[in-house]
Structures are given as structure tokens and as C-alpha cells.
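User: Could you take a close look at one part of this model for me, the interface between the two chains? I'd like the cut-offs spelled out as you go.

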Number of protein chains: 2
Amino acid sequence: VAAGDAGLLTDLLEPLHAADIADLLEQLDPSDRREVLRLYSGEIDGEILSEIDESIREEVIENLPADVLAEAVRELDTDDVVDILEDLEEPQQEIILSALEDADRVAVEQALSYPDYSAGRLMQREVVVAPEHWTVGEAIDHLRGAEWLPDQFYHVILVDPRMKPRGYVTLGRMLSSRRDIALRDLMEDSFRTVRATEEEADVAYIFTQYHLISLPVVDENDRLVGVITIDDAMTVLDEEHEEDMLRMAGVGDEASLSDSVAEAAKGRAVWLFVNLLTAILASLVIDLFADTIDQMVALAVLMPIVASMGGNAGTQTMTVAVRALATRDLTAQNALRIVRREIAVGAINGMAFGLVMALVAGFWFGVPMLAGVIGLAMVLTLVAAALGGIVIPMALERFDIDPALASGPFVTTVTDVVGFFAFLGLASWLLL
Amino acid sequence: VAAGDAGLLTDLLEPLHAADIADLLEQLDPSDRREVLRLYSGEIDGEILSEIDESIREEVIENLPADVLAEAVRELDTDDVVDILEDLEEPQQEIILSALEDADRVAVEQALSYPDYSAGRLMQREVVVAPEHWTVGEAIDHLRGAEWLPDQFYHVILVDPRMKPRGYVTLGRMLSSRRDIALRDLMEDSFRTVRATEEEADVAYIFTQYHLISLPVVDENDRLVGVITIDDAMTVLDEEHEEDMLRMAGVGDEASLSDSVAEAAKGRAVWLFVNLLTAILASLVIDLFADTIDQMVALAVLMPIVASMGGNAGTQTMTVAVRALATRDLTAQNALRIVRREIAVGAINGMAFGLVMALVAGFWFGVPMLAGVIGLAMVLTLVAAALGGIVIPMALERFDIDPALASGPFVTTVTDVVGFFAFLGLASWLLL
């Protein structure tokens, strides 16, 4: 594609949606990407910038001439501009800010004054409001006369004279009502607002829980300052999920396919290092029983099975717990019931697989006592895994540490140490 | 709360959103839940039924008198009724179907004729359409005169005389335009439809990729049959994420906090059984080297470290791969580049941690050759983990098997087998 024909390239990309063009740019390797941008940059769309992955956005922006960039950002809603600016260095931020019109620049700067990952960063300043006392007709006339309206809006927010939001009217109800009806009478029953300082994860939760399309944002004096739309909430939800998944696997939560080898290696090394420490701890437990193993090498053959089953059972419980904490299904009210359930599940599966493994070990090595030892160790380990898998995430959540990030190493430590200790301890006690 | 005072209970629950009442019911234990339903059931809201978790919905429905149930479902949009019916047994389905009005019943039955997890199941039949040639004024008059409109709608879909969708107009643009303007001139640039047989996961992808609010659904003749709204797409997205996360951890993807002990134990046993087989396979590898371990028990102490590091590195790569496949960021175009990157990352971290572990083992056991063996084994295992972690999910995806579901056991087998084989093999070759 990038063989030098600018006209052909533009013809090919023209009919595509900005999101698809962004995906395409992401998948190219860096030198091809520069080439494509050079050829195409005459008419780059602001939407493409806002769709593109953060890890290569900076590179793309550097490769664009200042005037093309200015043109591109001027079309965007303020929330998209904020999203782009967040990840840029000072000098690049300045270039973009100075390209904006005065009113937009003030709005963007104010949004940037809210904390990272807050509702204030997510909202757009462009809001459609109407005084409470207006009728449908007055509102429609006002909208028809308005010089400028947001790209998409689905509600009109009713405000009092001090800009405090009172409720909202869906455009559907407005369109289907007579002109003389008061907007106040069309207000939806349930109405929620959110503080600009609220965390974006909580905002996404409110959207899913209450099936909202848009959510007005207020400042500390309850005055309307912006609105968050569902597409932004959906993006946050998607990112939160990705973060949880990547964190649980010990991949940095900012990891992206566009990262370089060095970035990816560094991001993962942290977790591997923590894992090395817990693995060494487990080895120290094994070392305590070196003499026992020396006398019966079958123990060395079988011991990873116990630890591996414990690790898996622990991960299962932990995943359920982390997920339930994220969706707020696991609360102080039902915690005790869920902990009891997990322990019961661990005990049942422990007994089932303990029995299976006892039979396998019995036939394999022909030592009945060894069969008993591995069966018993399996029960103890799976119960410990269940307990660790549920209690550790809950404890981390209580101390305001993200359970998705930190549960893994603790749970693995518990299952490894208990697994090896139970198996080798029982063996040295009962077998020798 | 459930101490018998029906009036108090109703007063307490009345102001809550249906989604919150559903959450509350989910958190109660079964006997309290029955009690609450008995007291509150006089005025149960259809929305509550549609919000409540599938695993206890059946139980709730059983505990409601038939007339209360009929009243409750009649208020719902057809997509919510379909969602409830999908998970019920025949006799309960009949009760609900017979409670619906004729037109709704036909619509629901038709939706149920589409495959599970298809766009047809997700859509609502209630669509707001207008002929292409209408003006804004005609459309508004039509909406004002309409007897019935969906709870929420954000677009008017323009159709030709054969009900083929041509485009859509946002209510915002309609409201802000003069009455004499043709709807055709207000149509949005980009317009997408989806086949009723399309999978819901693909539908959710289209929503996130193109930031849609609603998506018209067409039948095999391209005629409009319904519309999917973003709140339903967001629910699907949420469920897909949950499924991926639970599947990767080997918890059944239908797992829920409301499952009984037996259900939960059974759901997880499948995965534990698969893990047992791979663990036994790894043990067989160890058994090959039983003599070697017998001569140097330090090998038994250190070998879990190599396997554990391999398992973690494999999971990291696998998670990145599964996620990238789900978001369609990993494609045939960039596969080779990503595989190369992962192998490079594995080699770098392998060398780094191989060096660290060589030093640790050297100081611990004072055998320089042992230090060399574990260092080298670490490099080999982490490269194998990287390769397995990326190639296995890609291969599964190619064969249309969900990589989130099946990658784990394969990757663990690779890392365990390679880890033990490399470490013990090198040891028996170089040390003895």
C-alpha cells in the first residue's frame, strides 16, 4: 500500500471510518506508518487522532505539520481534545492548546485541572440546557436558532437560574409532545448527576447499573459543568476490563501491542521478579525437607502436582472474587456466605481430586502410605487455596489496594507454601 | 429487614432503582429472598426481573403469582422479555408468553427463532421509522400523533417503501432543523446495519469501534426488523469480558456468586481435571530424571522455580494475545511482528532472570555448574513460554476455538514440560 502513490492512498482510506484508519495505522510498523502519514497528512481527520492508541499517538503527532494538527483538533469536542492532551509532553500540549479557539482552550484547560481518571476529564463541556419553565415549543425554537450544537446529544438538561441541574428530558419525549407542554412535565423519573471529581471507574459503573445514555457532571457547588456520554463510559468500561485482565496476569496495565520490545520486557519483569521471590520462598520450604526427598525421590516427582492444583484452584477463586468486587456483587453483607461457599467448594474438589491422585500415586509407586499422603495434602492445599483466593482480594480491597493488581503473588505464595509444606511435611511424618 | 413488615419493606424499596433492588435480592440468602418476594410481590416491577442475575431469576419467577408476573412482563420492551424467556424452562415460558398481548407475543416468538447470542435475540422490535421523503415537520407531527413509542429512542431510521433502511437522522438534528427541511438532507454520513443472525459479540464490537448509539437490524432480504440500543451492547460487552476472564481462569463462564456449592464445585472441577492431567504429564518428565535428582537433591529444591517462572511468563504473553485477538488488534498482518516481539521479550527476561537465578543458586548451593544449568534452563523456558503463549491462542483462534477457554492448559503444559526437561536434562548432562 505505502509504495508512494499519495492519490491512491487517499482514495483507499477516504471511505473508511476514522476508527478503522486508526487501527490500520496501529498495525503498520513504525517506518511504514511514517510514510503513510507523510503521504496522507494533507487531510488528516481529528477523529483519527482521538481513535488511535495512546502508545503511538505521540509518534503520529510528531510526524504531522503544526497547521494540519491545529486543523485536526479544532473539529473535536473538548473531551476528545482533553483525552489527546493528557498523554502528551508539555511542548506538544502547548502546540495543540494554542491551535484551539479561546473558549475551547479555556474549557480544555479547566478540564485538565481535574484529577487524572476523574469525571471532569471525561466530560464534554458542550451541554444542551434549557430553563425549567420553558415549553417544548420554546426549546425547539431555541435549538433551531442555536448557532452551534454538539455532534450528538440525546437529552436536554433542565437547569434552575443558578445552573443547578433539575432533571432531564429525552429528545424522543420532546419530539412527540405538543409545543405548549412544559418541559418540566416531561422530565424523566430518575435523574442522577455526578461530581467532576468522581473516579471514572465509578462513572462507568453508574452507566451500566442504571442504563444511562448521558450523565450530567456538576462542580462542588452542584452547578452543571459538563456531560458524560455513554460512548465515553463504554470506552472506560472497556479499559477497566483490560486493566483488570492485564493486571491479574502481571502485565503492566498500560501494555499495548504497539510497545517496543524493551518497554514490554520492562513491564513484565516487575511481575516476574515478584514471582521469583515467591518461588524462592517455596523452594526454601522444599529445602527444609531435602533429607526426606533424598530418602524417597518419588516425593520430588509428585510434589509439583500438589502445588499446581493448589495454584489453579486459588486462581479460580481469586478470579471470581476480583470480578465480584469489581462489579460490586461481593459486599460486606454477603462476604461471609461467599467465603463459606468457597471453602466448601475447595473441600469438595480437594477430596475428589485427592482421591483421584491417591489412586494414581498408589498404582504408580505402589506405596499405599504415599497415596494417603498426597490425597490428604491435596485436601489441605485446595482448602487453603480457596481461603486465600477469597480472603486476600477482600483484604486488599479493604486497604484500598487494587485486588486485580496484587492478589496473584499473595495467593500463589499461599498455595505453593501450603502445598509443599503439607505434602512434604506429611510425608516426613508418616512415611519415614 | 425481612422481619415481616410488608409496608415498611415497600417504603424502603420504593425509591430504589430496579437495578439496585435486583442487586439486593441477589445478595440475600434463598430463604430471606423468598420472604422478601412474598411480602413485596404485590407490586413487582418488570424491570427488576430483567435486571436480576440469570441464576436466581428462575427461582424468583417461581415464587411470583402468575398474575403479578404477567403484569410485570407486559411493561417490558420485547428485547427484555426475550432475555428473560431465554433462560426459562418450557412451562414457565408458556406462562409468560400467554400473558403478553398478541402483537408482542408474535414479536417475542420471532426473536426466539433466531440463534442464541445473535443480533436477533438482542434487538427490540419497537423501531421508529419514517419514509425517506418526509420533512422534519411531517416526522414531528407523526411522532406527536403516535399512540405508542419505545421508552427510549435516539434516531429515526429512514426506510424505503420496502422497509429497507436507507440511513438515520439523530433526534438532535431533527429538533434543531426547520420544519420544511427534508429528513433525507439531515442523514448522518455513516450508516451501518447488521444481520439478525450476526453474533452478539460482533455487534458489541461494532458499537465500540464506531461509537454507535443504536444499530438497525435487517433480515436476509435487507428489510428492517428491529434495532439494538447501546445499553444492550454495553451489557454484551460486559458479559463478554466476564466470560473471557472467567474462562481464562478456568471457572465456568456461566459462574455466578449465586451458584450453589455443588454447581460451583462442578464448574471448576472440569478445569482442575485438565490441570491434573498436565501436572501428571510434567511429573512423568521429572520421573525420567529420578536418578539424577537422587544424586543431587538440590535439583528438586530448585526445579519448581524454573517451572513457575515459565508458567508466569507464558500467562503474561497468553493474556496479551487473548486480549488482542478479542479486540481484533492482532491480525494476520501484524502476527509475525508480534510473535517476533514476544520471543525477543522472552529472551531478554530469560537472560535477566537466568542471571539473577544463577547467582542465587550459586551462593545457595556453592556449585558453579548448577548455577549455569539453572540460568540456561531459565532462558530456554522463558523463550518457549513466549512462543507457546502467542502461537497457541492464535492457532486456536484459527480453528475457531475460543482462545480464552482453551489456551491455558496448553500453555501450562508447554512451560512445565519444557521447564522441567530443560533444567533436569541439562543437569544430568552437565552435572553428572
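Analyst: Across the interface of chain A and chain B there are 36 residue pairs in polar contact, both residues at pLDDT 80 or more. A polar contact here is a pair of N or O atoms within 3.5 Å; within protein, one must be able to donate a hydrogen and the other to accept it, and residues adjacent in sequence count only if both atoms are side-chain atoms. On the side of chain A that touches chain B, helix H17 (residues 298–326) of chain A gives the largest share, 18 residues. Helices (H or I, at least four residues) and strands (E, at least two) are DSSP runs, numbered from the N terminus. That side of chain A divides into 65 nonpolar, 27 polar and 24 charged residues, where Ala, Val, Leu, Ile, Met, Phe, Trp, Tyr, Cys and Pro count as nonpolar, Asp, Glu, Lys and Arg as charged, and the others, Gly among them, as polar.

A word on the ground rules: this is a predicted model, in which local features need pLDDT of at least 70 and side-chain atom pairs count only at pLDDT 80 or more, while totals for chains, interfaces and linings use all residues. Residues are numbered from 1 along each chain as its sequence is written, chains are lettered from A and ligands numbered from 1 in the order in which they are written, and side-chain values use heavy atoms, with hydrogens and water left out.

Now the totals. Chain A brings 116 residues to the contact and chain B brings 117 residues, contact meaning heavy atoms within 4.5 Å. About 10200 Å² is buried between the chains, and carbon and sulfur atoms give 65% of that area; buried area is the accessible area (1.4 Å probe) that two parts lose on being put together, summed over both. Between chain A and chain B there are 6 salt bridges, each a side-chain nitrogen of Lys or Arg within 4 Å of a carboxyl oxygen of Asp or Glu. One joins A:Arg323 to B:Glu242, at 2.5 Å from N to O.

Helix H17 of chain B is worth a visit too. B:Gln316 sits in this helix (residues 298–326) and is buried, at a relative accessible area of 1%. Buried means under 20% relative accessible area, exposed over 50%, and partly exposed in between (1.4 Å probe, protein chains only). Neighbours within four places in sequence aside, B:Gln316 touches A:Ala249, A:Gly250, A:Val251, A:Arg268, A:Trp271 and A:Leu272. B:Val320 lies in helix H17 of chain B as well, and its relative accessible area of 10% makes B:Val320 buried. An α-helix has 3.6 residues a turn, so residues three or four places apart point the same way. With neighbours within four places again left out, B:Val320 is in contact with A:Leu246, A:Val251, A:Leu257, A:Arg268 and B:Arg341.

Finally, the nonpolar packing. The largest nonpolar core has 80 residues, and those with the most contacts inside it include A:Met303, B:Met303 and B:Ile293. Such a core is a set of buried Ala, Val, Leu, Ile, Met, Phe, Trp, Tyr and Cys residues joined through side-chain atoms within 4.5 Å. Not counting residues up to four places away in sequence, B:Met303 touches residues of chain A, namely A:Ala300, A:Met303 and A:Pro304, and residues of chain B, including B:Ile286, B:Ile293 and B:Phe423. Another core, of 47 residues, lies apart from the largest one, with A:Phe207, A:Leu212, B:Ala119 and B:Ala233 among them.
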